[in-house]
Amino acid sequence: MSVVKPNIKITKNSSTRTSTVDFQQLPAYQFRHVNWSDLKNMDITGPHLKGPRIRATPSLKDKEFDSIPENSANYQPHIYNFSSQQEKRAAQREVKEVQNIKSKIEDWENVSKVNLSYQELGGQFQTRMLNSTLKKLIRCETLILVDNRLSDLNEFTFPCVKELNLALNIFVNCSNLPICPQLKVLNLTGNKISTITDISRFGSVEVLKLRNNPLVWTVPEYRKLLFDMVPSLRCIDGMTRDDLKERS
């Protein structure tokens, strides 16, 4: 397969110099598709990341590895462009070691706050990686998943999450939300929720945000109904129980 060598134009002091760069000769070229957690001796771990992104993968990588389960011994998303079978076998022998290193670096199991918003989940690989990360958040207390076009998370359980931000997704009801036994703050702003019947499953929620959902306009006195359904609720869309009583 031929490689197109792009021309790089460098402008300085009003003069333009054109040169040809072979990117395959650059020292960092071998790491062009490597995740930060695939690198040995990495000091940055999951808790250090403020807003990690799950990027799209090259078509060749998708074709070779998209159908391989993540828990398979042959799953190695960081190594795919083998020049020989011998090199491929050598890489396979290192997979378990790399996966152990990757797990220690990511350290998702010990993160208390995670922001995985704006992921632009356009491919199967991205969705699978997001789901894999979510399943590891066993100690997370604040989870932010804004604008990911999510519609169903009911297979997930977050035992320690107290604040869940799912704003700007496409949930149509609360039955598709994850299980969060300690949830206190739930932000569902800008979704497509049209019914309140399933919200009662969140018996510990104290603050609920539902602005810009269909139910706000179609369900009369939705705040009053929700306060009656969920005794733990203290505030709905900026209005407390006392505010509602004064207003009525």
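This briefing describes the salt bridges of the structure above. The model is predicted, so that local features need pLDDT of at least 70 and side-chain atom pairs count only at pLDDT 80 or more, while totals for chains, interfaces and linings use all residues. Residues are numbered from 1 along each chain as its sequence is written, and side-chain values use heavy atoms, with hydrogens and water left out. Taking a salt bridge as a side-chain nitrogen of Lys or Arg within 4 Å of a carboxyl oxygen of Asp or Glu, the count comes to four.

- Glutamate 155 and lysine 135 meet through their side chains in a salt bridge at 4.0 Å, N to O.
- This pair joins the loop between strand 4 (142-144) and strand 5 (163-165), which holds glutamate 155, to the loop between helix 4 (124-134) and strand 4, which holds lysine 135, 20 residues apart; helices (H or I, at least four residues) and strands (E, at least two) are DSSP runs, numbered from the N terminus.
- Lysine 184 and glutamate 206 form a salt bridge at 3.9 Å, N to O, and Lys184, Glu206 and Arg234 are linked in a network of salt bridges.

**Pair within a helix**

- Aspartate 228 forms a salt bridge with lysine 224, with the closest N and O atoms 3.3 Å apart, and both residues lie in helix 6 (residues 222-229), four residues apart, about one turn of the helix.

**Accessibility**

- Glutamate 155 and lysine 135 are both exposed, where relative accessible area over 50% is exposed, under 20% is buried and in between is partly exposed (1.4 Å probe, protein chains only).
- Lysine 184 is partly exposed at 33%, as is glutamate 206 at 25%.
- Aspartate 228 is exposed at 52%, whereas lysine 224 is partly exposed at 42%.
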